[in-house]
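Colleague: I am new to this structure and would like a friendly tour. Could we look at it together?

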Amino acid sequence: MPDTCTHLDGLGPVTPSADGCEDCLRMGGRWVHLRLCMHCGHVGCCDNSPNKHATKHAHRTEHPVIRSYEPGEEWGYCYPDDQFIEELPARPGEAAKRHYDPP
Ligand SMILES: [Zn+2]
Ligand SMILES: [Zn+2]
Ligand SMILES: [Zn+2]
């Protein structure tokens, strides 16, 4: 396993796709926390959520890197490297303004 993830080059900026998990919003699902795909802006729900849409999106699209889409959280994660990135600062427009709850 490499020490440094090579998937961070050339990321973003992206525009978050929805004020909530876009897949849960479509199907009426519930989420716990939100994650932002750093390649296309897909907002999906975390692995503590029943549907784990962020992880499903990453596997389906092979978009490797997400960051937290929760206010005050800066961390990211790379799926293929299984690597936690402590600081992946948001660019303008990428940060969640607040925590979004399911409707
Ligand atoms: Zn990586
Ligand atoms: Zn979801
Ligand atoms: Zn994506």
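This is a predicted model: local features need pLDDT of at least 70, side-chain atom pairs count only at pLDDT 80 or more; totals for chains, interfaces and linings use all residues.

Modeller: Residues are numbered from 1 along each chain as its sequence is written, chains are lettered from A and ligands numbered from 1 in the order in which they are written, and side-chain values use heavy atoms, leaving out hydrogens and water.

Colleague: What arrangement do the donor atoms around the zinc ion (ligand 1) have?

Modeller: Donors are N, O and S atoms within 2.8 Å of the metal (3.2 Å for Na, K and Ca), and water is not among the atoms, so sites may look incomplete. Here the protein donors are Cys 5 (SG), His 7 (ND1), Cys 78 (SG) and Asp 81 (OD), at 1.9 to 2.2 Å from the zinc ion (ligand 1). Four donors count as tetrahedral if all angles lie between 85 and 135 degrees. The four donor atoms of the zinc ion (ligand 1) subtend angles of 103 to 120 degrees, so the arrangement is tetrahedral.

Colleague: Which spacing do the donors of the zinc ion (ligand 3) follow along the chain?

Modeller: The zinc ion (ligand 3) is held by Cys 37 (SG), Cys 40 (SG), His 57 (NE2) and His 63 (ND1), at 2.0 to 2.3 Å. Angles of 102 to 113 degrees among the four donor atoms make the site of the zinc ion (ligand 3) tetrahedral. Along the chain, its donors follow the spacing C-x2-C-x16-H-x5-H.

Colleague: Is Cys 40 buried, partly exposed or exposed?

Modeller: Cys 40 sits in the loop between β1 and β2, and is paired with His 63 in the loop between α2 and β3, 23 residues apart. Helices (H or I, at least four residues) and strands (E, at least two) are DSSP runs, numbered from the N terminus. Buried means under 20% relative accessible area, exposed over 50%, and partly exposed in between (1.4 Å probe, protein chains only). Cys 40 has 40% relative accessibility, so this residue counts as partly exposed.

Colleague: In β2, which residue is the bridge partner of Arg 35?

Modeller: Two strands pair if DSSP finds at least two bridges between them. β1 (residues 34–37) and β2 (residues 43–45) pair in the antiparallel sense over three bridges. In β2, the bridge partner of Arg 35 is Gly 44.

Colleague: And which residue in β3 does Arg 35 stand opposite?

Modeller: β1 also pairs with β3 (residues 65–68), in the antiparallel sense and over three bridges. In β3, the residue opposite Arg 35 is Ser 68.

Colleague: Is Val 65 buried or exposed?

Modeller: Val 65 lies in strand β3. Contact means heavy atoms within 4.5 Å, and, leaving aside neighbours within four places in sequence, the contacts of Val 65 include His 7, Leu 36, Cys 37 and Cys 78. With 0% relative accessibility, Val 65 counts as buried.

Colleague: What is the relative accessible area of Ser 49?

Modeller: Ser 49 is in the loop between β2 and α2. Not counting residues up to four places away in sequence, Ser 49 touches Arg 30, Trp 31, Val 32 and His 33. Ser 49 is buried, and its relative accessible area is 2%.

Definitions and conventions
Four donors count as tetrahedral if all angles lie between 85 and 135 degrees; four count as square planar and six as octahedral if opposite donors are over 155 degrees apart and all others between 65 and 115; anything else is irregular.
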